[in-house]
Amino acid sequence: MKEFWFHIKMYGALLKMTMRSMLQYRADFWMSLVSVVLLNGANIIQLSVISWRFHSLGGWSVGELLVLYGMFMVAWSIFSIFFRKLSKIEEEIVNGVFDIYLLRPVSPFLQLVGGDINHIGLCDTFMGLALVAAGLAKTGVRWDMEHILWFVVFILSGGVIVVCIRFLISCLAFWITKAKALSSLFTQLYLLTQKYPVTIFGKVFRVLVTGIVPVAYLNFYPATYLMGKPDAPPWLCMLSPVVAFVMAGISALVWRQGMRRYDSCGG
Amino acid sequence: MRTFPAFLKAQQRFAGLYRMDFLLKLLYGMLAMYGVRSLWVVLYAQDPAIVGRSLPSMITYAMLAVALDIIFYPSALDAAPQNYISEQVRTGRIDTDLLRPMDLQIQLLSRNVGAAIFSALWLVLPAWLLGVLLLGMELPPDIYYGVGFLVSAMLSFLILFSLNFLLGMVCFATVNIGQITMAYSGMITILSGKLIPNWLYPEWMQTLIRFLPFRCIFETPLNIYTAAVTGRQIPKGLLLQTIWAAVLFGMGHLLWKGMHRRLTVQGG
């Protein structure tokens with residue numbers, strides 16, 4: 001337990017240090033917000049045009065689609081704000097920075113994630129929340145306290161899940177040195193899940209994004225539960241924290257295994 | 001003219017380095033094609049009248065758009081002129097490009113064509129084949145449409161290149177083109193018929209799109225392939241594409257000439 005608090009304290013110290021250096025170059029927050037809107041604009045327009053023409057997509061109205069899209073963004077932003085470095089393990093290994101972590105008496109994991117905080121990721125959070133709000137306004141669904149609590153649980157679990165997925169993919173760097181190509185394939189998987197209710201892609205796809213790469217827990221299952229859709233049974237949606245817990249466990253195991261196997265690129 | 005194949009070959013060799021990469025990219029393409037296919041299958045089931053054409057024709061349109069997109073946005077991203085220019089300007093290496101005894105626009109075109117041919121052969125051709133065999137993609141009705149499509153796709157490429165080059169020219173004025181690039185690619189995505197077939201837009205927007213070059217990039221070749229236009233309309237479509245390509249390429253050429261003069265003066 002004492003060790004645990006030590007780690008927490010060290011993470012805080014590292015974050016503080018990083019924040020201080022980030023503030024030196026205060027990148028234009030508003031410009032980044034514009035970028036996020038532009039990057040997602042085409043998808044939002046596409047979804048709006050489709051639901052304007054066809055009234056719905058696979059039984060989901062435009063408001064529900066916006067909630068779906070927005071929740072994905074919010075959960076995803078947890079990764080891009082705090083854990084972005086996890087996808088750069090390969091780089092750190094190749095250029096030898098990772099070896100430095102091993103020399104210091106603090107967990108290499110903490111040094112990796114503590115060395116980076118990306119306030120620009122907040123733009124995703126804001127836009128995601130705005131889309132969820134717009135979607136709710138559009139559908140006229142009102143969330144009570146219980147819904148809001150579940151929303152928070154879903155977002156946090158979704159955050160853990162996306163962090164673990166990205167982490168596990170980049171952990172492949174311990175085994176194969178070129179893991180980058182894989183990530184573009186996954187990008188397509190994320191995109192399809194983010195934009196559309198996964199029910200339209202058939203059973204195989206649904207099993208894939210539920211049980212193997214559980215990205216559907218970022219938005220599809222949460223939105224199904226919160227918007228009261230018949231697409232999935234409630235218990236399957238409420239499994240979200242369990243899935244997050246399992247993913248975290250797997251990640252921890254893999255990390256330890258990888259660390260044991262790691263010998264530096266240079267040596 | 002001999003330099004052109006040399007650039008082409010260099011680009012091919014470069015792209016060939018990552019074989020594993022390409023296998024995964026093929027899977028990526030297939031997944032993307034499967035995605036749009038499922039989307040239109042569902043939408044067609046909801047209301048065939050709004051889709052406005054047969055289901056096979058619609059999914060062929062959508063999947064071919066994905067395939068063309070892979071050629072047009074080559075995997076070696078720095079092959080795209082705007083990215084290449086912005087990178088070279090940022091790092092200050094653009095002078096080595098200027099030292100070569102060849103017009104910058106032609107240099108970049110060769111680079112881009114090289115990457116595109118590579119992804120066309122190794123990525124899109126197999127993806128298209130698998131699409132036809134597994135995903136129910138149609139073939140063009142006859143050889144006339146097939147050839148028409150190929151010619152049209154090449155013109156599309158030239159139009160897109162010219163637009164990208166114009167965007168690259170902006171780099172010389174402002175080093176950072178991040179937001180402009182995003183707005184630009186968003187515009188192409190929305191207005192070219194790639195993501196949303198243009199006939200689904202409201203009337204006023206369709207009119208607007210008719211006067212812009214973007215629809216020539218995706219809609220024209222896709223409509224030829226799926227025989228959504230009659231055989232008589234094909235030459236008309238190709239002519240319009242040629243005009244846009246000539247105008248945009250020419251604009252890029254003139255702009256670059258002016259820019260080059262200024263650069264030389266500044267550099268001493």
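In this predicted model, confidence within chain A is lowest in helix 1 (residues 2–24) of chain A, where the mean pLDDT is 74. The highest value in chain A belongs to helix 11 (residues 220–226), at 95. For chain A as a whole the mean pLDDT is 85, and 90% of its residues reach 70 or more. Where pLDDT is low, predicted coordinates should not be read in detail.

The secondary structure of chain A consists of 13 helices and 0 strands. Read from the N terminus, the order of elements is accordingly α-α-α-α-α-α-α-α-α-α-α-α-α. The overall dimensions of the chain were also computed. Along the principal axes, the C-alpha atoms of chain A fill a box of roughly 60 × 40 × 40 Å. A compact globule of 267 residues would have a radius of gyration near 18 Å, and the 20 Å found for chain A agrees with this expectation. Of the 267 residues in chain A, 35% are buried.

Helix 2 of chain A was examined individually. This helix covers residues 29–54, a total of 26 residues. The distance from its first C-alpha to its last is 37 Å, close to the 38 Å expected at 1.5 Å a residue.

The contact between the two chains was considered next. It takes 27 residues from chain A and 28 residues from chain B. On the side of chain B that touches chain A, the elements giving two or more residues are helix 2 (19–46) and helix 9 (178–191) of chain B. The largest share of that side, 14 residues, is supplied by helix 2 of chain B. By residue type, the side of chain B that touches chain A comprises 18 nonpolar, 7 polar and 3 charged residues.

Note on methods:
Residues are numbered from 1 along each chain as its sequence is written. Chains are lettered from A and ligands numbered from 1 in the order in which they are written. This is a predicted model: local features need pLDDT of at least 70, side-chain atom pairs count only at pLDDT 80 or more; totals for chains, interfaces and linings use all residues. Two residues are in contact if their C-beta atoms, placed from the backbone, lie within 7 Å. Helices (H or I, at least four residues) and strands (E, at least two) are DSSP runs, numbered from the N terminus. Ala, Val, Leu, Ile, Met, Phe, Trp, Tyr, Cys and Pro count as nonpolar, Asp, Glu, Lys and Arg as charged, and the others, Gly among them, as polar. The expected span of a helix is 1.5 Å times one less than its number of residues. pLDDT is the predictor's confidence in each residue, from 0 to 100. The radius of gyration is taken over C-alpha atoms; the globule rule is 2.2 Å times the number of residues to the power 0.38. A residue is buried if 20 or more other C-beta atoms lie within 10 Å of its own, exposed if 12 or fewer, and partly exposed in between; C-beta atoms are placed from the backbone.
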